[in-house]
Amino acid sequence: GVKAGLKRTYSAVTQDHLEVSNMAQWKPLLYAVAFLHTTVQERRKFGPLGWNIPYEFNQADFTASVQFIQNHLDDMDIKRGVNWTCVRYMIGEVQYGGRVTDDLDKALLNTYARVWFGEHMFSEKFCFYKDYVIPKGKTVEDYLQYIEQLPVIDTPEVFGLHPNADITYQTNLANETLSTIVSIQPKDSSTGGGETREAVVQRLADEMLEKLPPDYNPHEVKAQLQKMGAIEPMNIFLRQEIDRMQHVISRVRTTLTDLKLAIDGTIIMSEELQDALDNMYDARIPKLWFRISWESSTLGFWFTELLERNQQFSSWLQDGRPNQFWMTGFFNPQGFLTAMRQETTRRNLAKGWALDSVVLHNEVTKMMKEDVIGPPPADIGGVYIYGLFLEGAGWDRRNSKLVESAPKVLFTSLPVVHVYA
């Protein structure tokens, strides 16, 4: 938190350092840099909401910034005062900005520099966030006393984030803690009176094998695609998705079959099978499967998604192109959109369209997925997609626009979206 970060910074500051410059601006500027230093480090805990790329900001960045401020004040013309453009540039682009590679992260850093560094920071009204002000102190003790009375837990708004950012952070923290607790549980075979771990996993493996879809027959797939037009961009995309799906199905079938044999003692329990046993017992996705598939919170959700994804591909193959697509059920959604752009371009070749100049457009319809009865209008083309969620925002269906999400609601489901090119 801010309190801990500032405490750590000011514990390393000596009285001589505090009095190194007799300029009135020195102490407030030193505190502002310390506050910025704490903020850039704290934002990391919010994951991609804090920084798109997690940067390793460290003590060297702080020391270099403070040294620059000190030199700047020493060389300053009293009549002209601080050159704020220079200060902001050095902090936002050089000292801290030197680590930042993402354009949006750079914009964020420069915004902090602009909002927190300027003549306005010396006024009585200035605060980083309500109750987080620049203290007036003469000694290091004064600053430490002020820092001591700051809240132990900060609201994300202190860092310029929406209060909901905390939900994400706390969820991740809880998941991490629980997963650590689960992973250090004793792994003994017998648990006293109840079923053994092996028996539980064996029963689970039987259930999963029973529900697992059959393998795709390469000849049938080829024949069906020929019927639908094998060189159509959408069908090439379908072929690639089916290949990846087949890879997952085969891997799951092999692992489950081998695991049952290993539990019976027919074959040796390898490291990978042991990992599958432990993870399946804890309702987590075995590493072998996770590497070639998708993220999911539990094994149950993962397996249900496997069945649903497969259902989408096999019905598309058997019954022809669907009226709408479950976008989040693809391995490569980007490839799906590219195929749709290629399709539209080919249809408009006579008008001189070229793939490079065709861009995607989307329109959120008022239909839910149950309401879709046919494909999009032929003159516009494109595809209907569903399964998208908004994070940190709500959707007003009547007026078709974004609204503030309800407090404590993190995800909102979107209606069907018409994507065209």
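**Exercise 1. Which residues does UniProt list for "domain: Dynein heavy chain AAA lid", and what is the make-up of that span?**

Solution. The unreviewed UniProt entry lists residues 26–165 under this name, and such annotations, given in the numbering used here with shortened feature names, may be inferred rather than shown by experiment. In the model, the end C-alpha atoms of residues 26–165 are 34 Å apart, and the span is 49% helix and 0% strand. Helices (H or I, at least four residues) and strands (E, at least two) are DSSP runs, numbered from the N terminus.

The model is predicted, so that local features need pLDDT of at least 70 and side-chain atom pairs count only at pLDDT 80 or more, while totals for chains, interfaces and linings use all residues. Residues are numbered from 1 along each chain as its sequence is written, and side-chain values use heavy atoms, with hydrogens and water left out.

**Exercise 2. Work out what span helix α4 should have, and then describe its start and its surroundings.**

Solution. The expected span of a helix is 1.5 Å times one less than its number of residues. Helix α4 (residues 59–74) has 16 residues and should therefore span 22 Å, and its end C-alpha atoms, 23 Å apart, agree with this. At the start of α4, a side-chain oxygen of Asn 58 comes to within 3.0 Å of the backbone nitrogen of Ala 60.

Next, consider burial, where buried means under 20% relative accessible area, exposed over 50%, and partly exposed in between (1.4 Å probe, protein chains only). Among the buried residues of α4 are Phe 62, Val 66, Phe 68, Ile 69 and Leu 73. Their cover includes α1 (2–11), α2 (15–18), α3 (26–42) and α5 (84–95).

**Exercise 3. Is Asn 348 buried or exposed, and where does it lie?**

Solution. Asn 348 is found in the loop between α15 (333–347) and β2 (361–364). Its relative accessible area is 11%, which means that Asn 348 is buried. A polar atom of the Asn 348 side chain is 2.9 Å from the backbone oxygen of Thr 344.

**Exercise 4. In what order do the four strands of the open sheet lie, and how do they pair?**

Solution. The order is β1-β3-β8-β2, with mixed pairing. The edge strands, each pairing on one side only, are β1 (324–326) and β2, and the twist averages 30 degrees from one strand to the next. Two strands pair if DSSP finds at least two bridges between them. Strands β3 (residues 383–386) and β8 (residues 417–420) are antiparallel over three bridges, and Val 383 has Val 419 as its bridge partner in β8. Strands β2 and β8 also run antiparallel, joined by four bridges, and here Glu 363 stands opposite His 418.

Key:
Contact means heavy atoms within 4.5 Å. A polar contact is a pair of N or O atoms within 3.5 Å; within protein, one must be able to donate a hydrogen and the other to accept it, and residues adjacent in sequence count only if both atoms are side-chain atoms. Axes are lines fitted to C-alpha atoms, for helices over the stretch in contact, and angles run from 0 to 180 degrees between N-to-C directions.
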